[in-house]
Amino acid sequence: MRCVNLSWIILSVGFFLDAVNAQEPSISAAIAALRSPQESVRIEAIDTLGRIRADTDEAIEALAELTKDNSALTRAHAAFALSRIGEKARPAIPRIVSLANDPDVRVRRAGVLAIKHIRPGPEVSVPLLLTMMADSDSAVRLRATDAMADLGQAAVPQLILQLEHEDVRLPVVLALNQIGPAAQEAIPALVGLVKDAKAPAEIRREAIMAIGEMGEAAAGAVSLLALALDEDSLRSAAVYSLGNLGPVAQGAKPNLRSLLEGDDPFVRTISAWALIRIAPGDPGLIREASLVLANSLKSDNERVREAAAHSLAKLDLDSEIMASVMETALKDADEATVTAAVDTLARLGEAGVPKLVEALRYESSRAKAIRILRKMGPQALPALDALVDLLKVDDREVQREVMFALGDMEAAAKDAVPALMEVLKRSDNRLRYAAVYALGRIGPEAIAGKPLVVQLLGSEDDFLAISAAWALARIDPKCELTSPQSVPLFVAGLTDPNARVRMESAASLRCLGPLAQPAVDKLKQALNDENAFVRDMAAEALKAIRGELTPETSAAPPSTTPPSATLPSATPPSATPPPPPRAPQS
């Protein structure tokens, strides 16, 4: 017995050595490890076969066999590995069928993924997925619904029949929604659900939403959707569906227009979106509805702001109208309102960038659009060329804000480095500071600009000199030629009255690592700083100097921007670059 155990230990060690020494462990070694009495070894082998998508007959048969294992954890891992192998694992289908009724929820969750990715065909998949769509676990139900939707039109006849069964009605409607126009033969059944006043409101709402996904084939249901606008529990869903149907829903225009004057700000917002969608040839109506969206953007209700922002992202509005929307939304608004609107639009991410690029074309909306793009950071990359073009406009403040926005895009803005280098060649120190900030935030990708930044270390303008040192600590932190000039500047910054300057000085010394050795004494003193951010960063810098941080960590410290409470109250919202010892002069 001891010899048997020893052989399994040797086998297990051999398997792990195979995993360490080879690019991928061999399939045969992983299959052999499946016989280990140690569950951890078996599961490691199962996961390996899934990761390398081992599609040999032997591997698939071994994994299929493990779906019958006494251990639920083993069964779950085996099912997941088969799901990763995908359609080539179809020989395992007879074993996977039983997973739909497995007593362990982890196994059922993995089983539904296996069915989805192996794709055994509708005749096998549909009955299994229908069973799992009625599962007691919400994750199983959701995954089964998604898998059913992936089957497309082939699943529709069975889904229509299942609408008669209350226990699966909701996931069935959700699946039809996801299938969309390919499920148009289900429209009569969905209409029947909407008309059924005894059906739960949730079912009727989801049926309305599904009809809205059917495209022009659902034109005959427009009058029903218009009537649904009169029911409080169905109104929002009906508005959305009518807007989704587009021009075929023209008949509901009067009903939607009346909602623009209603008391519910959320309904007004989505009705404005729907009207623009169904009446693309009515410029007067489009302008009226756009004004509603603009005003919704500055609502104190986050849900309303989100609806307006997403509506604007989805609509193909004329660039002039979009600029007008931006101006109306943010003009004469207090700072809290502007900040809320900016944050909401920024959360759209890349989806909202094309609209913001259009807004950059107009002076009235340009500043706000830049601010939103800046808030997006690297997600604003599609606007890079438009922002770089703005460096040519005759507006000093626009140029500065553009450079701050480029800097906040970090390494993603590397293609802007040549344009930023051109700014450094000018005599305007205020613009050069913004360019230096941007290059520093871009980091090592801005190495081409290093020679120009080095020249600024000797500037008579202390502000520009410390900004250059700050940037160099991020562009080339291991440079032994520039650190003797940079370190004294950062040491001075550790005692600056502004906590942000002290924190950024410590962060820069952290970047330099052992090259910042002359700053050790001042950093130790900074461990007692009144500001927690400064204390933490000073401690990190000392660790970096002692070589206690990994090269990756010490070369690129995370963002350490403290809360706005540590900044001077006079600092404008856009002025987040690290303020050096004294403010720059205009």
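Visitor: Which residues are linked in a network of salt bridges?

Guide: Arg-374, Glu-401, Asp-408, Glu-410 and Arg-441 are. A salt bridge is a side-chain nitrogen of Lys or Arg within 4 Å of a carboxyl oxygen of Asp or Glu. By this rule the count comes to 29 salt bridges. One caution about the source: this is a predicted model, where local features need pLDDT of at least 70, side-chain atom pairs count only at pLDDT 80 or more, and totals for chains, interfaces and linings use all residues. Residues are numbered from 1 along each chain as its sequence is written, and side-chain values use heavy atoms, with hydrogens and water left out.

Visitor: What makes Glu-65 and Arg-95 a salt bridge?

Guide: Their side chains meet at 2.8 Å, N to O. That value is within the 4 Å limit. Glu-65 is in helix H4 (residues 57-66) and Arg-95 in helix H6 (residues 93-96), 30 residues apart. Helices here are DSSP runs of H or I with at least four residues, numbered from the N terminus.

Visitor: Why is Glu-65 called partly exposed?

Guide: Its relative accessible area is 42%. Buried means under 20%, exposed over 50%, and partly exposed in between, with a 1.4 Å probe and protein chains only. So Glu-65 counts as partly exposed. Arg-95, at 25%, is partly exposed too.

Visitor: How do you know that Glu-530 and Arg-502 form a salt bridge?

Guide: Their closest N and O atoms are 4.0 Å apart. Glu-530 lies in the loop between helix H32 (520-526) and helix H33 (532-545), and Arg-502 in helix H31 (residues 499-512), so the pair ties together parts 28 residues apart in sequence. Glu-530 counts as exposed because its relative accessibility is 74%. Arg-502 counts as buried because its value is 6%.

Visitor: Where do Glu-540 and Lys-543 lie?

Guide: Both are in helix H33, three residues apart, about one turn of the helix.

Visitor: Why is Asp-135 called buried?

Guide: Its relative accessibility is 9%, so Asp-135 counts as buried. Asp-135 sits in the loop between helix H8 (122-132) and helix H9 (138-150). Its side chain reaches the backbone nitrogen of Asp-137 at 2.7 Å. That is a polar contact: a pair of N or O atoms within 3.5 Å, where one must be able to donate a hydrogen and the other to accept it within protein, and residues adjacent in sequence count only if both atoms are side-chain atoms.

Visitor: What makes Arg-119 stand out?

Guide: Its phi is positive, about 55°, although Arg-119 is not a glycine. Most residues other than glycine have a negative phi. Glu-410 also has a positive phi, near 60°. Glu-410 lies in the loop between helix H25 (396-408) and helix H26 (417-424).

Visitor: How many residues of H17 are buried?

Guide: The count is 11 of its 14 residues, so H17 is mostly covered. Among the buried ones are Phe-266, Trp-273 and Ile-278. Helix H17 spans residues 265-278 and reaches 20 Å from its first C-alpha to its last, close to the 20 Å expected. The expected span is 1.5 Å times one less than the number of residues.

Note on methods
Helix = DSSP H or I, 4+ residues; strand = E, 2+ residues; numbered from the N terminus.
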